[in-house]
Amino acid sequence: MEEQKDTIRLYFADDTNDNKLYEYFKNRPGYEVVGENVNGIQVVEDVKQLRPQFLISEVVLSSMDGFKVFETLKRDMREDCPKVIFISNLSHSGFVSKALKEGASYFMVKPVMPENLEERIKDLTNPSLNEDASKALDEKIASIFISIGIPAHIKGYQFLREAVKLAVEEPEIIGQITKKLYPTIAEKFETSSSKVERGMRHAIEVAWNRGKIENINNIFGFKVYGSNEKPTNSELIALIADKMLMEG
């Protein structure tokens, strides 16, 4: 009975033939896939009846889109509404913003690795553990930023810190810095992607002008940059995120 109590119930509103998520969780200990459908109206009916803890939903569904499904479930189920994680090919910042404003727990851009989705589910299932890990990560990032001379009072510090955290959670986001990373941070801080990019660049320039280049080489244990070299935003974010991941 205890094992059943701890089982996390999932419902997939997605074309399961196009991804490995359904098969992964269907056979994963600790999870129960209670249903799947791509018809939005049927998804609403199923979720009301089956009451999963998580709804993993594409934005594009037949008869009713994912946003309307979520809106209907919130209205009809209230506090019993499952947590919603959107997974979609639609990566425009407007879709991400709408999903989060509606109260979705996460918006993940396809292709989504099953292991990454499982991490997000674990984060939401054990929020206190997630908060502790997030605090520890914040402290590590702050330590590095101070060492290399990025001052905490400038906006670029906050943008870079958020970028490193995103890159730790989703390493592939570094390859989508303009399309996804900048817009995601811009939405959080209610600013524009161009201001996020410029803020990060300014923070890096401040650090290099302070002449603390040896500190970054010492932190990483090898010569990363010379005195006349400055990393791009993505290079510095990737470098620090890699260090966080290696340290666990």
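**Contacts and salt bridges**

Tutor: Apart from neighbours within four places in sequence, Arg161 is in contact with Asp138, Ile141 and Phe145, where contact means heavy atoms within 4.5 Å. This is a predicted model, in which local features need pLDDT of at least 70 and side-chain atom pairs count only at pLDDT 80 or more, while totals for chains, interfaces and linings use all residues. Residues are numbered from 1 along each chain as its sequence is written, and side-chain values use heavy atoms, with hydrogens and water left out.

Student: Where does Arg161 lie?

Tutor: Arg161 belongs to helix H8, residues 155-169; helices (H or I, at least four residues) and strands (E, at least two) are DSSP runs, numbered from the N terminus. The C-alpha atoms of Arg161 and Ile141 are separated by 6.7 Å, the two residues being 20 residues apart along the chain.

Student: With which residue does Lys165 form a salt bridge?

Tutor: The partner of Lys165 is Asp138, with the closest N and O atoms 3.1 Å apart; a salt bridge is a side-chain nitrogen of Lys or Arg within 4 Å of a carboxyl oxygen of Asp or Glu. Lys165 lies in helix H8 and Asp138 in helix H7 (residues 127-148), so the pair ties together parts that are 27 residues apart in sequence.

Student: Is Lys165 buried or exposed?

Tutor: Lys165 counts as buried because its relative accessibility is 16%, and the cut-offs are under 20% relative accessible area for buried, over 50% for exposed and partly exposed in between (1.4 Å probe, protein chains only). Asp138, at 23%, counts as partly exposed.

Student: How many salt bridges does a search of the whole structure find?

Tutor: The search finds 15. One of them joins the side chains of Arg28 and Glu118 at 3.2 Å, N to O. This pair links distant parts of the chain, 90 residues apart: Arg28 is in the loop between helix H2 (21-26) and strand E2 (31-36), and Glu118 is in helix H6 (residues 114-125). Glu118 is buried at 7% relative accessibility, whereas Arg28 is partly exposed at 33%.

Student: A change of topic: what about helix H10, and which of its residues are buried?

Tutor: The 17 residues of helix H10 (residues 193-209) should span 24 Å at 1.5 Å a residue, and the end C-alpha atoms are 24 Å apart, which agrees; the expected span is 1.5 Å times one less than the number of residues. Among its buried residues are Val196, Met200, Ile204 and Trp208.

Student: And how many helices and strands has the protein chain?

Tutor: It has twelve helices and five strands, and 47% of its 248 residues count as buried.
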